[in-house]
Amino acid sequence: MGALQTEIERRGERIFDLVDQHPESLFSKAGFYQRMMALSMRDEHFKVQLFRFVDVLASLHRGTDIVQHLDEYFAGMRNGYAPLIRTGVRAAKIVPWVSGQLLRWNVSGMARQFIAGRNPKDVMKMLRKRRSQGIGFTVDLLGEAVVSEQEANEYAGRGLELLEHLGRETRGWTDPLGKNTELFPVVNLSIKISALYSQMNPADPADAIIHLAPKLRPILRRARDLGAFVNFDMESYVHKNATLELFRTLFTETEFRDWPHVGIVIQAYLRDAENDLLDLLDWGRARGTRFAVRLVKGAYWDFEKIKSRQNGWACPVFLQKPESDLNFELLTRILLENESTVTAAFGSHNVRSVAHAQALAEQLGIDRSRFEFQLLYGMAGPVKRALVEMGYRVREYCPVGELLPGMSYLVRRLLENTSNEGFLRAKFSENVSEDELLRNPADLISQGPNGARHVEVSSDGASLDTPAGDTYENAPLVNFVYEQNQDRMREALAHVRTQLGQKYPLVINGERVWTEKTIASINPSSPEDVVGHVAEAGIPEAERGVKAARDAFEKWSRTSFETRCRLLERAADIMHRRRFELSALEVFEVGKAWAEADGDIREAMDFCRFYAHEMRLIGRPRLTQHVLGEESYQHYWPRGVALIIAPWNFPMAILCGMTTAALVTGNTVIMKPAEQSAVIGAMLMEIFEEAGVPPGVLNYLPGKGSVMGAHLVDHKDVDLIAFTGSREVGLRIWESAGKTREGQRELKRVICEMGGKNAVIIDADADLDEAIVDTIYSAFGYQGQKCSACSRLIILEEIYPRAIERLLNAAASLRVGNPEEPGITVGPVIDGKAHKNILNYIEIGKNESRLAFQRGDVPEKGFFIPPTIFTNVDPKNRIACEEIFGPVLSVMKARDLDEAFEIANSTEFALTAGFFSRSPANIERAKAEIVAGNVYVNRSCTGAVVGRHPFGGFKMSGGGTKAGGADYLLQFVVPRVVTENITRHGFAPETTPLYRDEFLGPR
Ligand SMILES: Cc1cc2nc3c(=O)[nH]c(=O)nc-3n(C[C@H](O)[C@H](O)[C@H](O)COP(=O)(O)OP(=O)(O)OC[C@H]3O[C@@H](n4cnc5c(N)ncnc54)[C@H](O)[C@@H]3O)c2cc1C
């Protein structure tokens, strides 16, 4: 055993001895809290329900509501304590007012365990007490979720007040160790950056810095005048780079360059942590003034894992607990070896991590007064006491604030305390042996594909790990957190800009066809810029297209499905290669923000791979039943010539989705993109040509919908029409396709996706931090031009005043502008016609209801519409019934949930809907009662993912098909069953195969 390990064990045992001299259970407050935690650790389901109940409690005001939620969360529990819990719930119902208050008091007690005071005055009592125990403080102002700039500014103001208060109240306080005091000011403030700016966007750290720096400078100046220390806390990964950059930018400014009392957090659970720390040290040396680093493991482990899994990103955190522990030790060494540049604070409750830092400092000859240990308020009291007794500098992290803004902090602490892998639980609750707790983490890391330090990551930060059990995998979204992805997008925009204005021909039967007339596709942010000139197909070209498709059908329909699947997969690979270029083109041609454009390209790739996957499932004739003496196989033939009519709002994804569904099932295709996005259509054609689509199988024919589009719809040789677009055109197609023309072979099949008038309901107990952000995104993301967008918001009366105030402030904070800039949420609408139409609806809205909010500062050039919100809207008003397809939101108040559902269901459409609530019973009702094709609970109502959220509506929203779903391809085929009597003279084989080879179509 090495000398260091021996010393770590010696020190660890000493800490344990001291801890055991003041025995205390895991949680310093006994009673209700302790019992709840004990139960949580024994029963995972109880833990989930408890934390959810705690999460909602602060927003409930009436005793009856509290007891109602208690009942919903716990009455149905099935565990050893179920009878006890049910008795408790029954008793609570008898006197709801009393029991509601009692519960609230008890849960507030839980919160008080971790929150040092409700306000600056309150917290001083605690700080004085700690001072008498030789423990310093850093104060953190709770309230990290800000949805608007108003809230962010209020947070900044409160931070300044807190600082003043602490400065005043601690005058005359001295350092507990009385040594190296110049490194450790008494007043220490911890700041959460995301609470100071509501529009942080990972793609645009520069914008975050522009907005954050002016808010921080007054706080920093005052802190400096008061001789205080300021620390930047570190939050979730999405904000990490901006926080580091902000820190370096501000403290390189002349004004702050020589100020040593500034610090930042490094999270050891991050794979990036070592590089980030080394960069910081380089920066610190160049700056020439000391600074501080608080080393922690990190508080968002579960969140990071979930988020990265959902988006297909490489998980930024280590997956094994000992990896984080080991990294903590590695970074401890780097910090201590650079002690002349950086002052270290070790933020851990883990005795092994703490003992390691002590032992290493001793080995390196660093005096114990030159670094400090920091621990959280309400946690590991005995460890703090032990460290003080050993003569170390100890500082406590003390959150200040009300229960409601403190809820996310409280839930993080509860999770941490009950985590299976946490040190505190192991030591204080499960009595794991000291030897075990002091083991070297390097010995505990299990090796394997996911083990240790190695993970499979692609060059753009996507995860190459496949979660077990899933057969179909979505392409990852581009993670704009990474600078290289921001750079690639900027380069793509610059490159595509040089390509604008080119000419694109039709493609018929594999030949390029030029026409006299062209369609000029323009940039909606800058209408004088032409993105491209596209040849315009008229009736003669439409005829040629149909003939080419019909001629190609025989061979294509007889091509094996595997060959067709591979074509789609090659197309997806080409899209992947050209991903940034295609996204950049969308920014120019249809005004999509970066992430929205990327989402569209991702969806197109997903359609290719998903439909190939699905085709392989249905491609081979499948035995219908095992019956002796007879074989029956069901299989599918393509329908014929498919006409694809696509919209401009998901210019690649929807066009590609409908086209690939037709191709992979063996149909030949006439592809008609929207005129506004005809260049993206040309790109899709190019991609399929490169992928090897045979001549005539896919024909590219942009043109006027009312002329050649209508002609094709009526054409006797078109067998199938897949349309996505407005209700008006959709109904016309539906009707026209119903007529049988002379010489027509097939009944035309119409696959029709139309609009929506989608409602989001905010229930009385909803988490407004989430509901407001997600509603704003659903209503104003891509300027409200998604068929899934929220255009009606229904708020329960009880929560209406607070919700509406936050909603209007949030809308006022949105970033509106040219989406070439990263981080823009609201760009231009698609064209002049849409612009006029939406402004017209705004005028109608002004007459029908109350204009509660309209942005004043949208760019003059381009088709920009100010985000607009109407209140006092009657559900029968035109703005509440008709599809506007722009950034206009109608808000309605509902007395109760019955009325909310009634309003939500009162339109002719049924596409998407959203419901925000923390009542399990109300969530169940919403799931059952909201009439929409896609119902989203506690999340935005846009952003369906292929395969995960099969998408499409009914009523006047469409024919009930689900794009990206398992049954979508069945629309593009005709089913056949072939039955053979295999009995000969009473003899038949015992078994028949489950699958046969394809029965390819007739010659
Ligand atoms: C004073 C102070 C300030 C803090 N400030 C911040 C801050 O600004 N930002 C922040 O993010 N955190 C911060 N934290 C850290 C965080 O809140 C936790 O307290 C800390 O991670 C717990 O670590 P530990 O060493 O005490 O306990 P341990 O029990 O040794 O470690 C628990 C930690 O290990 C990690 N972990 C758990 N499971 C796994 C796994 N399967 N694989 C890999 N790693 C895993 C997680 O980070 C978890 O929190 C702070 C902590 C303190 C004490």
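By class, how many residues of the shell around the ligand are nonpolar, how many polar and how many charged?

A: This is a predicted model, in which local features need pLDDT of at least 70, side-chain atom pairs count only at pLDDT 80 or more, and totals for chains, interfaces and linings use all residues. Residues are numbered from 1 along each chain as its sequence is written, and side-chain values use heavy atoms, with hydrogens and water left out.

The shell around the ligand has 13 nonpolar, ten polar and eight charged residues. Here Ala, Val, Leu, Ile, Met, Phe, Trp, Tyr, Cys and Pro count as nonpolar; Asp, Glu, Lys and Arg count as charged; the others, Gly among them, count as polar.

The shell holds 31 residues (a residue is near a molecule if one of its heavy atoms lies within 4 Å of it). Gly298, Ser324, Ser348, Glu416 and Phe423 come nearest.

Next, the polar contacts (pairs of N or O atoms within 3.5 Å). A polar side-chain atom of Lys321 is 2.9 Å from an oxygen atom of the ligand. Arg413 also places a polar side-chain atom 2.9 Å from a ligand oxygen. Phe318 takes part through its backbone: a polar atom there lies 3.3 Å from a ligand nitrogen.

Alone, the ligand exposes 940 Å², and the protein buries 94% of that (accessible areas come from the Shrake-Rupley method with a 1.4 Å probe).

Which elements build the shell? Strands S4 (262–267), S5 and S7, with helices H13 (321–337) and H16 (407–418), each give two or more residues. Helices (H or I, at least four residues) and strands (E, at least two) are DSSP runs, numbered from the N terminus.

On a 1 Å grid over the protein atoms alone, a cavity is a set of points where a 1.4 Å probe fits but cannot get out; a pocket is an open set with protein on both sides within 12 Å along at least five of seven lines; lining residues have an atom within 4 Å of a point. Grid points are joined across faces, edges and corners, and a volume is the space filled by probe spheres set on the points. The whole structure has six cavities of 30 Å³ or more.

The largest cavity holds about 160 Å³. Its lining has 20 residues, with Phe184, Phe229, Ala292, Thr343 and Glu372 nearest the centre. S5 gives the largest share, four residues. By class, this lining has ten nonpolar, five polar and five charged residues.

The second largest cavity has a volume of about 110 Å³. It is lined by 16 residues, and Arg564, Gly619, Tyr636, Trp637 and Glu998 lie nearest its centre. Helix H23 (594–618) and strand S15 (630–638) each give two or more residues. S15 gives the most, with four.

The second largest pocket holds about 1,600 Å³. Of its 48 lining residues, Gly725, Ser726, Glu728, Val729 and Lys833 are closest to the centre. Helix H27 (727–737) is one of the elements that supply at least two residues. H27 provides the largest share, seven. The lining divides into 20 nonpolar, 14 polar and 14 charged residues.

Key:
Polar contact = N/O pair within 3.5 Å; in protein donor to acceptor, adjacent residues only side chain to side chain.
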